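Student: Please take one part of this model and go through it closely: the places where the chains meet. I would like one connected account, with the background on each chain that is needed to follow it.

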Amino acid sequence: MIELPSVFDGLLSLSLVLLAWFALHSKDLFLGIVLFVMFGILVAVAWLRLHAPDIALTEVALGAGLTGALFLGTLGRTEVVRRDRGQGLPGGRHLLTTVLVSGLGIVLCVITARLAAGGGGMGDLVRVRLEESGVENPVTAVILNFRGYDTLFEIGVLFLALLGAHALHQAAGASTESLRLPRDSMLVIFVHIMTPVLILTAAYLVWVGDHRPGGAFQAGAILGGAGVIILLAGVPVSLRVDHFRLRLVGVLGFAVFLVTGTCLMVNGRFLEYPVAHVKWLLLVVELACALSIGFILSSLFAACASLLHPSGERGGRRD
Amino acid sequence: MHEWTINAALTFMALSLCGGIIRVVRGPTRADRMLSAQLFGSSGVALLLLLAQSMKMPALVDAALVLTLLTAVASCTFARVVWGYDKTGSKAAHVVDR
Amino acid sequence: MSLTDSLSAGCIFLGLMFFAAGTIGLLRFPDVYTRLHALTKADNLGLGFVVVGLIFQGPGWLAVAKLLLIWVLALISSATACYLVAHSALRTGIRPEKRR
């Protein structure tokens, strides 16, 4: 008798490929975006089947929720409906593209097969030195401690991306006038209920991130979601980077991380945590990063969907 | 609990999700497509909860919580920005599209 | 199977039936508004049954509370999304089907 889990896995894989195919070949941008959101949800399930709950959490928060919102917001403002009848690329390039992509696919399959068979990778190394990192969740240990440099620069890059989005938005000038959403009373009630829940969930994920799947990125994505629904409800909140206090929130994660790393240079090297206090230091850094990421994502959404208020409007603090 | 019960449930949910794929490709209006995404969200939550039970990973319940919270975000964005009002408050241009 | 397990299985089975009803409704109903009904009502009830079924298996009060929280939040979110989509659909001029 066929094992039921493998039937499920087979259905999952088939749906993933199907959704990806449809998303790339759809003639309508909106259809592509919706398929992408659905694809994100299924990918999260796939990550779970591969025993990677942290990545699944991040995929759910970012891929299914926030990226979908970002795409939809941008689409709503630009409204480009692709009407090409599938002319595609000129003849020769089709073949070249197919060959390159197939080659990449084969290489990935070979690597995956080798990983599955030989158990390569650094999992054992991390497990051996887990107590030194001060946290019990190996993913958090890798992200914040063992590979802290990567995360530091990622947060910096996020803020740079935000600056870029705002610069582009301002450069476009009058053609991207702010969309003034009327206050929808039902949505305001929804925001009243959901925002505390979202903030609490974000705090919970940061706290729990050191011994269970969780962490700064997931919490930041949830805070970003809170910012998005606040904006959508038509609440007059300004998320522009011009305001000093908001800029402070955006830079907070990178700054705290950098300052922590530099202060640690007193006793050791840059970002070398002392084993005694590492847990609390990591918590502080994670909290700051989560706040930053939340603000950056909300502000990015505001820029993409042109929900930034025109200058002269009263600015509020995103809280 | 018997393994096959949960596994059968999982397979069933996966089949139910395939119905959503049909609707998203066919559905004439944009709302139908967004509804399919909502279907994926709700069914995804049930799927994650069942998976949490089947794979004995309680952390998946957190994933289900996050999915519940954020599915609404995408739907709200759709309803307000994509299909909503333009600057003057009149109705949007697109009604039915292909 | 013990009593708890049978109760769980029964509730989950009921939940799956409602999910199936929701999907079939999404596929077969004539227009947006009826499909909204099928989706938001049937799916949430299905989720409720699945949650109840899993509560019987749950290890402790915290897990039970979390499951119930997920269900309540799903109810709130889908109700709001349903209202918003229906409102926007009315605004953009989609009329309900009046086939008799």
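**Where the chains meet**

Tutor: Between chain A and chain C, the rule finds one residue pair in polar contact across the interface, with both residues at pLDDT 80 or more. On the side of chain A that touches chain C, seven residues are nonpolar, two are charged and none is polar. The model is a predicted one, and the values below are computed from it.

To stay with this interface for a moment, the rule finds zero salt bridges between chain A and chain C. The contact involves nine residues of chain A and seven residues of chain C. The size of an interface is often given as the accessible area lost when the parts come together. For chain A and chain C that buried area is about 720 Å², and carbon and sulfur atoms carry 76% of it. Three residues of chain A, namely Asp184(A), Met186(A) and Phe190(A), supply 51% of the area that chain A buries against chain C, which is more than any other three residues supply.

Now the interface of chain B and chain A. Here 51 residues of chain B are in contact with 57 residues of chain A. The two chains bury about 4,800 Å² between them, with 80% of that area on carbon and sulfur atoms. The rule finds one salt bridge across this interface. That salt bridge joins the side chains of Asp62(B) and Arg212(A), with 2.9 Å from N to O. For polar contacts, the count between chain B and chain A is three residue pairs, both residues of each pair at pLDDT 80 or more.

Which elements of chain B give two or more residues to the side that touches chain A? They are helix H1 (3-26), helix H2 (30-55) and helix H3 (59-82) of chain B. H3(B) provides the largest share, 18 residues. By residue class, the side of chain B that touches chain A holds 35 nonpolar, eight polar and eight charged residues.

Chain B contains three helices and zero strands, and its elements run α-α-α from the N terminus on. Of its 98 residues, 73% are buried. The accessible surface of chain B comes to about 2,800 Å², and 66% of that belongs to carbon and sulfur atoms. Among the contacts in chain B with a separation of 6 or more, 55% come from residues 24 or more positions apart.

Chain A, which takes part in both interfaces described here, has twelve helices and zero strands. Of the 319 residues in chain A, 45% are buried. Its accessible surface is about 16,400 Å², with 69% belonging to carbon and sulfur atoms. For contacts in chain A with a separation of 6 or more, residues 24 or more positions apart account for 76%.

Val275(A) lies in the loop between helix H11 (244-263) and helix H12 (278-304) of chain A. Val275(A) and Gly134(A) are 141 residues apart in sequence, yet their C-alpha atoms are 6.7 Å apart in space. Is Val275(A) buried or exposed? Val275(A) counts as exposed because its relative accessibility is 57%, and the cut-off for exposed is over 50%.

Terms used:
Residues numbered from 1 in each chain as written. Chains lettered and ligands numbered in written order. Predicted model: local features only at pLDDT ≥ 70, side-chain atom pairs only at ≥ 80, totals over all residues. Heavy atoms only, no water. Contact = heavy atoms within 4.5 Å. Buried area = accessible area lost by both parts, 1.4 Å probe. Salt bridge = Lys/Arg side-chain N within 4 Å of Asp/Glu carboxyl O. Polar contact = N/O pair within 3.5 Å; in protein donor to acceptor, adjacent residues only side chain to side chain. Nonpolar A, V, L, I, M, F, W, Y, C, P; charged D, E, K, R; others polar. Helix = DSSP H or I, 4+ residues; strand = E, 2+ residues; numbered from the N terminus. Buried < 20%, exposed > 50% of the residue type's maximum accessible area, 1.4 Å probe, protein only. Areas by Shrake-Rupley, 256 points an atom, 1.4 Å probe, with all protein chains shown as cover.
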